[in-house]
Amino acid sequence: MLKGGILNPQMANLLAELGHKDTIVVSDAGLPMPLEVERVDLAWKPNEPRYLDVLKEVLKSLVVEKIILAEELKTVSPDMHKEIIDLFPKDMEIEYVPHVMFKEKTKEARGIIRTGEFTPYPSIILVSGCAY
């Protein structure tokens, strides 16, 4: 038995399989998930698990070199936008795209981790970095 870290075996495996430049998505409850992309569905009721809790845990395990966010996040959910940005180093590369384009980019991801979050637009695409 693991004594900590990510206990969900599907989620832990997805993260372990990522290579440099691969992408994964940590999503809110409403983001449509492409059928061809692996899904780790953690949502079990509104706002559980919380998006930020899941994102923070993922970031403990993953080297991230770039993040992609929906442009709408900045104006529709500015408090959530700030909380997300504050999780990353100040020099992190950030790309903002319209939500419609964001959804298209999720089709290229290795997997999507769905949370129960009901805040609009917090979904993020994490571009995996290299640990060396």
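Trainee: What share of the 132 residues in the chain is made up of buried residues, and what makes a residue count as buried?

Mentor: In this predicted model, buried residues make up 43% of the 132 residues in the chain; a residue is called buried because its relative accessible area is under 20%.

Trainee: Why is the radius of gyration of the chain said to agree with a compact globule?

Mentor: A compact globule with 132 residues would have a radius of gyration near 14 Å, and the chain has 14 Å, so the value agrees with the rule. The C-alpha atoms fill a box of roughly 45 × 35 × 30 Å along the principal axes.

Trainee: What makes up the largest nonpolar core, and which residues touch the most other members?

Mentor: That core has 26 residues, of which Ile 24, Val 58, Ile 84, Phe 88, Ile 124 and Leu 126 touch the most other members. Several elements each supply at least two residues of this core, including helix 1 (9–17), strand 1 (23–27) and helix 4 (78–85), while the largest share, six residues, comes from helix 2.

Trainee: How do you know that Ile 84 is in contact with residues beyond its neighbours within four places in sequence?

Mentor: Contact means heavy atoms within 4.5 Å, and with those neighbours left aside, Ile 84 is in contact with Tyr 51, Leu 52, Leu 55, Leu 69, Leu 73, Pro 122 and Ile 124.

Trainee: Which residues belong to the other core, apart from this one?

Mentor: That other core has eleven residues, among them Val 25, Val 37, Val 97 and Ala 109.

Terms used
Residues numbered from 1 in each chain as written. Predicted model: local features only at pLDDT ≥ 70, side-chain atom pairs only at ≥ 80, totals over all residues. Heavy atoms only, no water. Rg over C-alpha atoms; globule rule 2.2 N^0.38 Å. Buried < 20%, exposed > 50% of the residue type's maximum accessible area, 1.4 Å probe, protein only. Core = buried A, V, L, I, M, F, W, Y, C linked by side-chain atoms within 4.5 Å. Helix = DSSP H or I, 4+ residues; strand = E, 2+ residues; numbered from the N terminus.
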